Structures are given as C-alpha cells and as structure tokens.
Amino acid sequence: MNTADNIFLNLKLIMANLLKTDLQEINQLATLNSKLRDDLGIDSVESLDFLASIEKTYSIQISDKEATKLERVSDAIDLILGKIKECGQ
Amino acid sequence: MDQSYYSHGRKQIGFFSFLRDVLISKVPVFQKFTSRVLLPYSPDFIFLTHPRNSEDIFATFPFIRLLRKFFPDNVARKILKLSPCYIVAQVKAPRGLRGYIVSAVELPNDLFASRELTNKLILSCVDFFRAICNKKAYIGLAAWWPIVSNSGQAFKNCLQKEDVIKITNGHTATLASIYLSICELTQKINLPLSNAKILIIGAGKVGGGLGALLVNKVAVLGLIDKNKIRLKILKKELEIKNKEIAIDTIALDEFTAEKTILDKLQQYHLAVCTTSNTDLLISDASQLRNCIIIDDSRPEAFPRIFSPEFKVAVLEGGLMKIPGVVMDSDFGFGQNDNIFGCLSEAIILAMATEGKVKPNIGELDVENLMHLIDFCNQNKIQPGDFKCAQRTIKDSDLASLSSLEK
C-alpha cells in the first residue's frame, strides 16, 4: 500500500543510496519539512538521479515543470501520491 | 581562454557528412542501408560527447558558420538538430578495432535544463547508434552525458534485451587514469605518495571514488565541494576506511569560491578537479602560483598554464595512452594515442574479449576498476602524457616543480 509513510521511507532509502550513506544517517537529516537542497544536499546535479530513482521506483513520469516545484520532502510525497492516484495504482 | 585552444586541429564536418547523418536518423526505412553504404565501417566502439560551447559547434560545422552570417545563431543550431547527433571523427585502435566519435549538438546547459528533452535525445541517439552498428559496439559516455543520464541508466533503459550496443559511463577508466596519473606524477616530482597532501575538488562520483582509492595511501586528503551534506557523508565514509588520516572538508559558497580555492591550493602538493561545472572555477591563470592541478573537468575548470617560474602546472586530467590509437581530429591535446579516459573505457571493453572488464552503469564497481587496471598493465595501456593543452610537459620540467613546500 502506498501511504505517505511508506513513500517517506522509500524516499529516505533513495536518498541514502544517492548520498551513499545508511538509513540511520538519513533519519537524522530528513523530516517531512526538510528542504531537499539545503537540508539534504540534493542539489541540481543530484536531483537528476533523485527524480530518476523516484520514477523507477513508482513507475511514474515527472515533468520538468513538476520537478521545479519540488522544494521539500513533503512536496515529493504529495507529487508521488498524486501521480499514483492518477495511474490508479 | 583562447578560443583557438578548442578548435586547433579540429576536423570540420562538411555538408555531405551532415546530410548523411540526417538521412540515417530521419529515414528509418533506409537506415541500415544508408549506414552500410554511406559509412566506411560498422564501429566496435563509439564515444558520445557534446560541444563545450556554441563556438565548438561553429568550429566543427563550417557551413553552419556561413549561415551565421545571415541568420541568428539559434536558427543555425536548429538546422543541426535535424539529427540527434553527428559523427565528428574516426578512431583507429589496436587489434583492428575502429570507432567513431559522435557528438550531439546540445550544449551542457541545454542537457541539464530539461530532463524531458534529454531523455528524448537519449532515445534518438540510441536509435542512431543502432542504425550505424551492424555488430556489437560499446558506447562510452563523455563530458556531461553520465551526469544527465543517471550514470548511463537512462541509456540502458532504452536498450533491448539482446541489443548490439552496450553502454558504459566512462567512470571506471576515468578514475583509473586519474589514479595512475597521480601515482606517476608524484614519482616524477620526487614526492612519496605516502607524504602527499592531495586536494580533490568535486566530491561527486569520480571525486568520491578517487578519495576512496587514496585514503589509505596519502598523508592528507582535502575535499572541496559546494554541497555540505555530500562532503560530510563522504568524509565519514572515508574515515571508516582510515581512522588515522587527516581529512579536511571545505564547503564552497558562490561568493568566495575563487578565493577559497586559491588559498587551499597553497596547502596541498597536488589538486585534482573532478567537478561538473560549466564555467571556469578560476578565470585568471595569473592568479595561480605554487600549485599543480590535474583538471579532469569538461568543460575545463582551470585555465591552462605551465610556468616553472611561478611553480604552477595545470595538466589535462583523465587521459589514457593506448598504443596504436589514432584519431582523425584533435580535441585539444593532439591526435595520437593520448585519449579521454571515457573513450579509452569503450576501447578497452572492445579489446577485452575475455569478459573480465565490464561496462559500467550507475555506481562505480571497485572490482571492475581493478580488472581494468590489470588489463591496462597487461596491455601496456598507461596514464596519458602530462599535457597542458597541446604541450607535452617533459619529465625534467615536471621535476622543476618538485620543491613545492606545503
């Protein structure tokens, strides 16, 4: 079941993989309110890999316009939930 | 930087070559026929790159340069977009292997700005490669291609199960070439590697991988990046590998970046730049003193300078030397066997038929890196000559930098 909690956990796993660290470290850094760039270090280069990983995990497509609106972890969760709903997953 | 540095010896692409590549990409019914008839051979390897700036495009396509006199630059560039990419050079390699250097016409910023555009372009490039390859061929990704394709994953997603083309992101040979170059350079300047203070500028995939290779071998490691979190995590990861070593992390901010880098260069014997920038980090070569920099960034992050008087050398990074390789175009450091690490990865994969060295997609595989280094040792493949743009730096000149006090 793709709940907000499950998606948050998956996002943390994706971030841990991207930043080459463990979930424990990411748990200390990431809250729903964390800024992807400033708090989690997902800068413009890293965000390309971050978005590709989300698309692969959830079999969704994120447009450039949608990507530019992602500022916080909660924005990413909302976007994924919305996309899943659209696809009827 | 002098523009002639970029365009010196660059092979120019005529109108008929342009037309050939447009036909190959735009007329699917005749694709295989067109490529077999119009191309001299089916390649064993391809090196995919892109222009560093718009001047690169105008230097490569003279007829587009002519159009520039009558139309705005963007119109001329739109005409080039009739094909996703163009064959810009031919490469001969050992064992009768042959390949092409293929370039898209998008600039780094275009590739970076839109994932949608880039993903479409990747799909079109893969179709182009399939059209020109009648047998297995390795595609090495250069410059910004690994960054914008999730380390090659976006290309892999476009491949079929038994595809003739195999993608590799070039990280393995690039890292091997930088590591081997550091080992050789420290010898030439009479500095035991175990005493060396090495600064890595850019803590991404190649910078992080280099840190992991060096952490148990050098005295002091410095890491510079804009991304504080990445620095913190990389430092922690490296300290697990070696608790004794001093690791200095320096987070850059955009306002003081130049000064911070200039200051830090004074504290380290050798700096290696692996950043993915589009502009120079240091714009004025005369600011550089008392430092040796291996610059692997493409486009270049440091202006090229070699001056024994001021004890400064900015050397091309990531070069490999494969005996017998000949290119019919000069990309800035000659047409002989000194080639980009990522091109050498595609050639090595085509040479390494026993299958130990594998194409790399995604994260760097250390075991694969070791196999590649073994293969290089067995086949007399070495790190490239120490070059500062066109100029090969002699050992005696390098030795003149050996008295750098840090």
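Predicted model: local features only at pLDDT ≥ 70, side-chain atom pairs only at ≥ 80, totals over all residues.
The largest nonpolar core counts 85 residues, and a search over all chains turns up 28 salt bridges.

**Chain A as a whole**

- Along its sequence, chain A reads α-α-α-α-α.
- Its radius of gyration is 12 Å, close to the 12 Å that the globule rule gives for 89 residues, so chain A is as compact as a globular protein of that length.
- Taken along the principal axes, the C-alpha atoms of chain A fill a box of roughly 35 × 25 × 20 Å.
- Of the 89 residues in chain A, 45% are buried.
- Among contacts in chain A with a separation of 6 or more, 58% come from residues 24 or more positions apart.

**Nonpolar cores**

- In soluble globular proteins, nonpolar side chains tend to be buried together.
- Within the largest core, the residues with the most contacts are Ile182(B), Ile198(B), Leu221(B) and Ile347(B).
- A separate core of 33 residues lies apart from the largest one, and includes Ala104(B), Phe128(B), Ile132(B) and Val148(B).
- Setting aside neighbours within four places in sequence, Ile347(B) is in contact with Phe45(B), Val91(B), Ala93(B), Leu97(B), Ile322(B), Val325(B) and Ile339(B).

**Salt bridges between the chains**

- Side chains of opposite charge can pair when their charged atoms come close.
- Arg230(B) and Glu46(A) form a salt bridge, with their closest N and O atoms 2.9 Å apart.
- Arg115(B) forms a salt bridge with Glu55(A), where the closest N and O atoms are 2.7 Å apart.
- Arg115(B) has a relative accessible area of 11% and Glu55(A) one of 12%; each value is under 20%, so both residues count as buried.

- The side chains of Lys264(B) and Asp248(B) meet in a salt bridge at 3.3 Å, N to O.
- Lys264(B) lies in helix 14 (residues 257-265) and Asp248(B) in strand 8 (residues 246-251) of chain B, so the pair ties together parts that are 16 residues apart in sequence.
- Lys264(B) is buried, with a relative accessible area of 15%, whereas Asp248(B) is partly exposed at 26%.
- Salt bridges that share partners also join Glu25(A), Lys232(B) and Lys236(B) into one network.

**Ser42(B), a buried loop residue**

- Ser42(B) sits in the loop between helix 3 (31-38) and strand 1 (45-49) of chain B.
- With a relative accessible area of 15%, Ser42(B) is buried.
- Its side chain reaches the backbone nitrogen of Asn134(B) at 2.7 Å.
- Leaving out neighbours within four places in sequence, Ser42(B) is in contact with Ile132(B), Cys133(B), Asn134(B) and Lys135(B); of these, Ile132(B) is also among the residues of the 33-residue core.

Definitions and conventions:
Residues numbered from 1 in each chain as written. Chains lettered and ligands numbered in written order. Heavy atoms only, no water. Core = buried A, V, L, I, M, F, W, Y, C linked by side-chain atoms within 4.5 Å. Buried < 20%, exposed > 50% of the residue type's maximum accessible area, 1.4 Å probe, protein only. Contact = heavy atoms within 4.5 Å. Salt bridge = Lys/Arg side-chain N within 4 Å of Asp/Glu carboxyl O. Helix = DSSP H or I, 4+ residues; strand = E, 2+ residues; numbered from the N terminus. Polar contact = N/O pair within 3.5 Å; in protein donor to acceptor, adjacent residues only side chain to side chain. Rg over C-alpha atoms; globule rule 2.2 N^0.38 Å.
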